[in-house]
Amino acid sequence: QGGQLYVRGGTPIQNKILLDGMTIYNPFHSIGFFSVFETELVKSADIYTGGFSAEYGGRISSIMDITYRDGNMKKFAGKVSASPFMGKAVLEGPLFKSKEPGSGGSFIVSAKHSLLEYTSRDLYPYANNGDGLPFAFTDIYGKATIKSKEGSKFSAFGFSNNDAVNYTNIADLNWQSYGGGLNFTLVPSSNPVIIKGHLNASNYEIFFQEENGSAPRTSSIAGFDLGFDFTYFLKNQSEVTYGINIGGFSTDFRTVNEADRVIQRENYNTEVSGYINYRLVKGLWVINPGFRVQAYPSVPAVIPEPKLALKFNATEDFRLKFSGGYYSQNFTSAASDRDVVTLFYGFLGAPSDVQSSFTKPTGEKVDPRNGIQTSWHGIVGAEYDLSRYWSLNIEGYYKYFPKLTNINVNKLYDDVAEFQHIDDVYKKDFLVESGYAMGVDVLLEYSKDRLFLWGVYSLGKTERWDGFTYYPPVFDRRHNINLVGSYTFLKDKSLEINLRWNFGTGLPFTPTQGYYQGETFGDGVTTDYTTSNTEELSILLGDLNSARLPTYHRFDVTVKKRFEFDNKTLMEITVGVTNIYDRENIFYVNRVTNDKIYQLPILPSLGLSYKF
């Protein structure tokens with residue numbers, strides 16, 4: 001849905017996405033087919049779906065930590081490619097050369113731009129009634145690096161990501177993000193320590209306008225982040241990592257709730273944190289306790305966060321693992337339940353003027369104090385190498401969210417002195433909630449010679465308690481299946497076929513129960529509602545998220561042929577078919593007009609890339 005990422009019961013804002021230490025607020029484009037990351041540049045990608053260590057903080061669901069490689073210090077190189085979907089280019093080379101091995105300077109730049117808005121009218125005339133596919137995005141990234149022979153290095157980087165979807169007379173969505181930063185790594189020759197530091201700043205803005213609907217919804221966030229990390233390697237197969245971090249951000253957010261009450265908020269927040277991790281390998285055990293302190297001076301609040309991870313290597317083929325801890329964050333987001341499909345997500349700091357009393361499911365009333373969101377994680381798993389080629393990984397998880405903040409769908413009154421006798425839950429912009437997410441993931445993998453098979457089944461359940469009732473959030477998907485396979489042909493393995501099938505059961509939405517003529521009361525209390533005839537359309541909604549969208553599934557096939565030339569250049573031809581059996585998966589529904597937008601139809605494509 002709009003390229004948003006949900007991980008084991010967490011909303012998009014509850015997942016921290018890092019690129020070279022910088023927070024990325026929207027990692028996927030609205031088309032849901034491409035990420036903002038350039039795969040040619042990825043050096044490492046560490047994904048923590050929960051129970052992450054004290055090194056990471058400020059989020060209560062998951063971490064995605066992506067690092068880009070440095071440019072080539074020896075020679076100029078690059079890659080260009082084009083397909084009906086997009087064109088892209090990567091260029092890298094030395095800034096200067098050094099006589100000392102392993103040292104020098106380098107640069108790397110990448111750019112990609114979508115082409116569907118230009119090609120789809122001619123190549124896919126059946127899509128969108130012949131009007132083409134109005135998905136557009138542009139991603140630009142650049143980095144310069146200086147290295148010493150001892151392993152120390154300094155990098156400066158910058159990026160710009162833009163995205164837009166504009167279906168005429170239905171909906172208009174666009175966002176843009178840009179930023180830059182500095183990273184350094186020091187490796188002293190006389191001490192067993194690595195020192196890392198970063199300084200970065202970024203900005204993100206999103207705009208959503210539904211035709212024939214409510215007023216535009218907008219949101220922006222701008223901030224900076226400064227941090228230092230120290231890793232000491234000890235003699236007993238252990239290491240200690242600790243660090244400090246200072247950050248600040250400002251947000252500007254505007255939306256409307258289902259009662260057409262405007263909710264607008266500006267926030268200015270700072271965060272200070274410190275952590276320590278200890279990792280010990282002792283016999284068959286890997287033990288990793290940690291502790292983090294998150295301070296939110298703007299709230300104010302100081303929250304201690306204990307963590308623990310364990311791994312037991314029972315045999316060479318069988319391993320048990322556990323991780324868990326306490327987490328907090330000073331961010332919240334809100335989506336309108338007027339939407340059948342949620343495309344707009346606003347970002348803002350945790351609200352401070354939440355209701356004075358929150359009723360737990362047990363009936364107990366507590367004082368929320370502030371809008372800082374918190375969670376407890378517990379994850380257990382087992383890894384078993386069934387044979388030399390087969391492996392099985394099973395994980396069960398439970399996430400308890402004692403305190404969440406969300407847009408107040410119950411708001412009917414402005415929070416002013418005139419309505420001081422009205423309960424907070426009917427006049428505050430945001431409400432405190434609680435909830436949980438639980439499930440199990442089963443991964444089966446096969447890898448031998450030319451054949452690779454990968455299959456995952458996920459069973460999950462997520463519920464929220466808003467002080468009145470339990471309800472499933474819009475991302476509560478009960479069953480999910482991913483199947484991936486690849487096989488390489490020919491003696492030199494230059495021909496490869498890739499298959500992928502994904503299935504997901506329907507996501508919740510709030511159904512429309514009816515429509516009625518609204519009354520604007522243009523003449524105030526003297527308005528004669530018996531004779532007035534306004535054009536205001538009001539919607540009567542059903543129970544919150546009580547209906548489900550159709551199931552989602554899609555099958556993609558890709559065939560690649562690689563050609564290597566004597567001058568060490570490489571050309572690759574890619575033939576693919578997206579959504580091979582033309583499944584109509586919902587992308588967006590206009591609640592007022594009932595106009596539907598579907599995700600990608602069947603799209604055959606031919607692509608060409610050249611690497612030099």
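**View 1. E92 and R69 form a salt bridge, their closest N and O atoms lying 2.8 Å apart.** E92 lies in strand β6 (residues 86-97) and R69 in the loop between β4 (62-68) and β5 (77-82), so this pair ties together parts that are 23 residues apart in sequence. A salt bridge here is a side-chain nitrogen of Lys or Arg within 4 Å of a carboxyl oxygen of Asp or Glu. Helices (H or I, at least four residues) and strands (E, at least two) are DSSP runs numbered from the N terminus. E92 is buried at a relative accessible area of 9%, while R69 is partly exposed at 25%. For these words, buried is under 20% relative accessible area, exposed is over 50%, and partly exposed is in between (1.4 Å probe, protein chains only).

A word on the model before moving on: it is predicted, local features need pLDDT of at least 70, side-chain atom pairs count only at pLDDT 80 or more, and totals for chains, interfaces and linings use all residues. Residues are numbered from 1 along each chain as its sequence is written, and side-chain values use heavy atoms, with hydrogens and water left out.

**View 2. K147 and D70 meet through their side chains in a salt bridge of 3.3 Å, N to O.** Because K147 lies in strand β8 (residues 135-147) and D70 in the loop between β4 and β5, the pair ties together parts that are 77 residues apart in sequence.

**View 3. K360 forms a salt bridge with E364, with 3.9 Å between the closest N and O atoms.** K360 counts as partly exposed at 31% relative accessibility, and E364 is partly exposed too, at 44%.

**View 4. A network of salt bridges links R8, K311, R319, K321, E383, D385, E395 and D441.** Side chains of opposite charge can pair when their charged atoms come close.

**View 5. Strands β22 (residues 373-384) and β23 (residues 390-407) pair in the antiparallel sense over 10 bridges.** Two strands pair if DSSP finds at least two bridges between them. The two strands form a hairpin, with five residues between β22 and β23. To find your place, look for T374, whose bridge partner in β23 is K403.

**View 6. β23 also pairs with strand β24 (residues 430-448), in the antiparallel sense over 16 bridges.** A handy landmark is S391, which stands opposite E445 in β24.
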